[in-house]
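Subject: Structure handover

Hello,

Here is the structure for you to look at. My notes on it follow below.

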Amino acid sequence: MVVTTNILGDVVRNVVGESADVTVLMKPNADPHSFGISAKEAGQMESADLIVSNGLGLEEGLNANLDNARSEGVEVLEVGEHIDPLDYRSGESSDQADPHFWTDPERMLTAVDAIEDTLAEQVESEVADAVAASADTYRDQLKDLDAEIADIAEAIPADRRKLVTNHHVFGYFAERFDFEVIGAVLPSGTTLASPSAADLEELARTVEEAGVPTIFADSSQPQKLAEALSGEVDAEVEVVPLYSESLTEADGGAATYIDMQKANAEAIAAGLAPED
């Protein structure tokens, strides 16, 4: 199996256990919108039994590779097609789907279902039984994660659940845990976009009016724009990094999807908590 992003790579490895060899293309701390692969990795895609991708336009640098793999007869599971995708809340056209569904643990339960169902069609019954057992165990962990984040969010006063991020990445999180997305430094769902001076000025005024105390930046991206925005706001605004797009190395604080989600929820709660 070949998996495009490291977030889904962690999920797939939890689901398949020892039942399959899994190659993850996206390196730790990489940007899923822009990362590329080697010729060897492209060959692995074209000879894989199954490719698991995020889909919904996330892996912008792999479109040609995914098309080549399909032309070689490789099945590609685009998980985003199975999770009831949302449209972007702001900064994008209303008919453009948001690919950042992993910020909602409940939708990741649906992702596990899609991965398990696809594998069940390809493997022998004994392997399918092993995958089903692993998937059940991981689903229980995701349910616990969802409940834990809900408890963390509940402790944040409703009038402070306002998110400003580096780009539009937390729409699913906001819907699941009752937050409001105020805006993003990059007025887009991709890190490849660029804001204008007018965009930053408008967002700075929005941040002031909403009384947002913290701007959340991507840990895998330079924070200069977020810091520039905070400097435009006529109030003290902190810039806090989140693991929004990528897992880290083993010792980096977000080595697994579950670790990533817990760390982000705790950082958001700390950033939005009322001052003593």
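**Notes on the model**

Threonine 248 is buried, with a relative accessible area of 8%. This is a predicted model, and that applies to every value in this message. Threonine 248 sits in the loop between β8 and α9 (257-272). Leaving aside residues up to four places away in sequence, Thr248 touches Pro28, Asn29, Tyr243, Gly253, Ala254 and Ala255.

**Strands**

Strand β7 covers residues 214-218, and five of its five residues are buried, so the strand is largely enclosed by the rest of the structure. Which residues point which way from β7? Thr214, Phe216 and Asp218 point one way, while Ile215 and Ala217 point the other way. Residues on both sides are buried.

There is also an open sheet of four strands, in the order β2-β1-β3-β4 and with parallel pairing. Its edge strands are β2 (23-24) and β4 (75-78), each of which pairs on one side only. Two bridges connect β1 (residues 2-3) and β2 in the parallel sense. Valine 2 is opposite threonine 23 of β2 there.

**Salt bridges**

The count of salt bridges comes to 14. Two of the entries involve arginine 107.

- Arginine 107 with aspartate 84: the closest N and O atoms are 3.8 Å apart. Arginine 107 lies in helix α4 and aspartate 84 in the loop between β4 and α4, so this pair ties together parts that are 23 residues apart in sequence.
- Arginine 107 with glutamate 175: the closest N and O atoms are 3.1 Å apart. Glutamate 175 lies in helix α6, so this pair with arginine 107 of helix α4 ties together parts that are 68 residues apart in sequence.

How buried or exposed are the residues in these two pairs? Arginine 107 is buried, at a relative accessible area of 9%. Aspartate 84 is exposed, at 58%, and glutamate 175 is partly exposed, at 39%. Arg107, Asp84 and Glu175 also belong to a network of salt bridges that includes Asp104, Glu106, Asp146 and Arg176.

A further salt bridge joins aspartate 178 to arginine 161, with the closest N and O atoms 3.8 Å apart. This pair links distant parts of the chain: aspartate 178 is in the loop between α6 and β6, arginine 161 is in the loop between α5 (125-154) and β5 (162-165), and they are 17 residues apart. Aspartate 178 counts as exposed at 55% relative accessibility, whereas arginine 161 counts as buried at 8%.

**Backbone angles**

Two of the aspartates above also have a backbone angle to note. Aspartate 84 has a positive phi of about 55° although it is not a glycine. Its place is in the loop between β4 and α4 (105-120). Aspartate 178 has a phi near 65°, again a positive value in a residue other than glycine. Aspartate 178 is found in the loop between α6 (171-177) and β6 (180-184).

**Aromatic pairs**

A pair of aromatic rings is described by the distance of the centres and the angle of the planes. The count of such pairs comes to four. One of them is phenylalanine 101 with tryptophan 102, an edge-to-face pair at 6.2 Å centre to centre and 70° between the planes. Phenylalanine 101 is buried, with a relative accessible area of 0%, and tryptophan 102 counts as buried at 2%.

Another is phenylalanine 173 with phenylalanine 177, which is tilted: 5.2 Å centre to centre and 55° between the planes. Both residues lie in helix α6, four residues apart, or about one turn of the helix. Phenylalanine 173 counts as buried at 4% relative accessibility, and phenylalanine 177 is buried as well, at 6%. Phe173 and Phe177 form one aromatic cluster together with Phe170 and Phe179.

Regards

Technical notes: Residues numbered from 1 in each chain as written. Predicted model: local features only at pLDDT ≥ 70, side-chain atom pairs only at ≥ 80, totals over all residues. Heavy atoms only, no water. Buried < 20%, exposed > 50% of the residue type's maximum accessible area, 1.4 Å probe, protein only. Contact = heavy atoms within 4.5 Å. Pairing = 2+ DSSP bridges. Phe/Tyr/Trp six-rings, centres within 6.5 Å; stacked < 30°, edge-to-face > 60°. Salt bridge = Lys/Arg side-chain N within 4 Å of Asp/Glu carboxyl O.
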